[in-house]
Amino acid sequence: MSADIRVRFAPSPTGYLHVGGARTALFNWLFARHHGGKFVLRIEDTDFSRSSDEMVEGILRGMRWLGLGWDEGPIFQSQRIARYKEYSDRLLQSGHAYRCFCTPEQLAAKRGDPQEGGGPWIYDRRCASISRAEAEGRAVRGELFAVRFRVPPGKTAYADRVFGRIEVENANMEDFVLLRSDGAPTYHLGVVADDLDMAITHVIRGADHISNTPKQILLYQAMGKEIPEFAHLPLILGPDKQRLSKRHGATSVMAYSEMGYLPEAFFNFLALLGWSPGGDRELMTRKELIDSFSLEGVGKANAVFGIEKLDWFNAQYLQSMSSDELIELLTSELVGRGVWKGPEDAPQALKPIIELLRSRLKKIGDFAGTFKAFISDEFEYEPAAAQKYLRDAGLRDLVSRLLEQYAADREFSLESAERHLRSVAEQAGVKAGLLINALRVALTGQGVAPGLFEIMMVLGREKTCARMRRMEKYLLTAAM
């Protein structure tokens, strides 16, 4: 291996950067960085009806968020149409390709006919026997045609760096189209022409391209060019072992950014989807991943995208950050979402909240969602928590008596807050848990939260009392 190694990531801008594409880009990037090679970004935008500048920018944003900088590009296929015709003409001249004058309607009618043996219909080469002179004459007269590759007899085999030797019978391949009648290249011509011109040495892509590879190898051979090494990556599945899709949740990379996942955590998580460094290592820095990466570590088995595992990675990265780092991160997040309406010293006011919730933090967005009550007074009681903990008929009187104690407590310390609550419960002949559970709902809106008295200390006496008054009103309304 040397610095001559060149790999590429070639997304189609018909959608945003999804998880599978991001993993492909990441593995190519790691491979290039490990070997000191080049990482090329190519945009395959010849599907003019579906490609858009918005999708291109979405792909670039996703790659930048993950820190996958490219060495060359982005190179757009749409700007290379003339080059694809040059390759097509070269194959026509050498006899490896021919003009096909079959209309789409004729081909559609043929595909509807049953194939002998029950297999899928394969193009019957009806135009392969047309002489070159006749075909050129018909083209000159303006008759529309596509260019098809003439698949030779025999077998095509290659050694995949992940799946091992793969061999196919050429008889099972139809003479595939290289150039459509409108002059647009097909995937097979475009990808081979691009990889040749960009001197790509290793093609690392998803396993769904395994069936395309023999056709592309035939093109390399027809052009008399060296064939790159191929490595096909296992697919990414959802927890139900079906291919990852929107029904499993977000698949766009930037959607995970918007949900509050850190790029470093997502990078680490994604690197381990289908690849292992060996041993039981999971939390790895970017440098450690670069140093350890090899195609030998890529498994054949499909990888499973588990959101719980991503949450774990993200939590580990968040918890490893200093308070100041978290304050900066969360302040930006909360201000951006319009949730934070704190005092002038907003960042420092977040510090005790962060320390209380650090061990429970999974995503940055938790502070605008699960932990919103620690930041804002605009929160609701969870219906399930209210149903479970706010139904006792004597609860309003207990809250009122405890509120009097807290309002008069100038000390309001961890010890005094607990002492007052247990005293009120004891005098009323009830378990302290009745008040503890009710006040947890009053202060956070939730039935599960950190320790009640620690919450009170973070909120302070004034806010604690205000939320208890809110609960008094709630309990009064609920009783009516």
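Ala, Val, Leu, Ile, Met, Phe, Trp, Tyr, Cys and Pro count here as nonpolar, Asp, Glu, Lys and Arg as charged, and the others, Gly among them, as polar. The model is predicted: local features need pLDDT of at least 70, side-chain atom pairs count only at pLDDT 80 or more, and totals for chains, interfaces and linings use all residues. Residues are numbered from 1 along each chain as its sequence is written, and side-chain values use heavy atoms, with hydrogens and water left out.

View 1. The largest pocket holds about 1200 Å³ of space. A pocket is an open set of points on a 1 Å grid over the protein atoms alone, where a 1.4 Å probe fits, with protein on both sides within 12 Å along at least five of seven lines; lining residues have an atom within 4 Å of a point. Points are joined across faces, edges and corners, and the volume is the space filled by probe spheres set on them. Of its 41 lining residues, Pro11, Ser12, His18, Gly21 and His209 are the closest to the centre. The lining divides into 16 nonpolar, 16 polar and nine charged residues. α1 gives the most, with five. Helices (H or I, at least four residues) and strands (E, at least two) are DSSP runs, numbered from the N terminus.

**View 2. The second largest pocket.** About 380 Å³ of space lies here. Among the 23 lining residues, Asp89, Leu92, Arg99, Phe145 and Val147 lie nearest the centre. α3 (81–94) supplies at least two lining residues, as do β4 (97–100) and α5 (132–140). The largest share, six residues, comes from α3. By class, eleven are nonpolar, five polar and seven charged.

**View 3. The largest nonpolar core.** Such a core is a set of buried Ala, Val, Leu, Ile, Met, Phe, Trp, Tyr and Cys residues joined through side-chain atoms within 4.5 Å. Buried means under 20% relative accessible area (1.4 Å probe, protein chains only). This core has 107 residues, and Phe367, Leu390, Tyr406 and Leu421 have the most contacts inside it. Helix α1 (residues 19–35) gives the most to this core, nine residues. Beyond its neighbours within four places in sequence, Leu390 is in contact (heavy atoms within 4.5 Å) with residues including Tyr381, Leu395, Met471 and Tyr474.

**View 4. Helix α7.** Nine of the ten residues of α7 (residues 213–222) are buried. Among them are Lys215, Gln216 and Tyr220. Gly224 follows α7, with a positive phi near 70°.

Note on methods: Buried means under 20% relative accessible area, exposed over 50%, partly exposed in between (1.4 Å probe, protein chains only).
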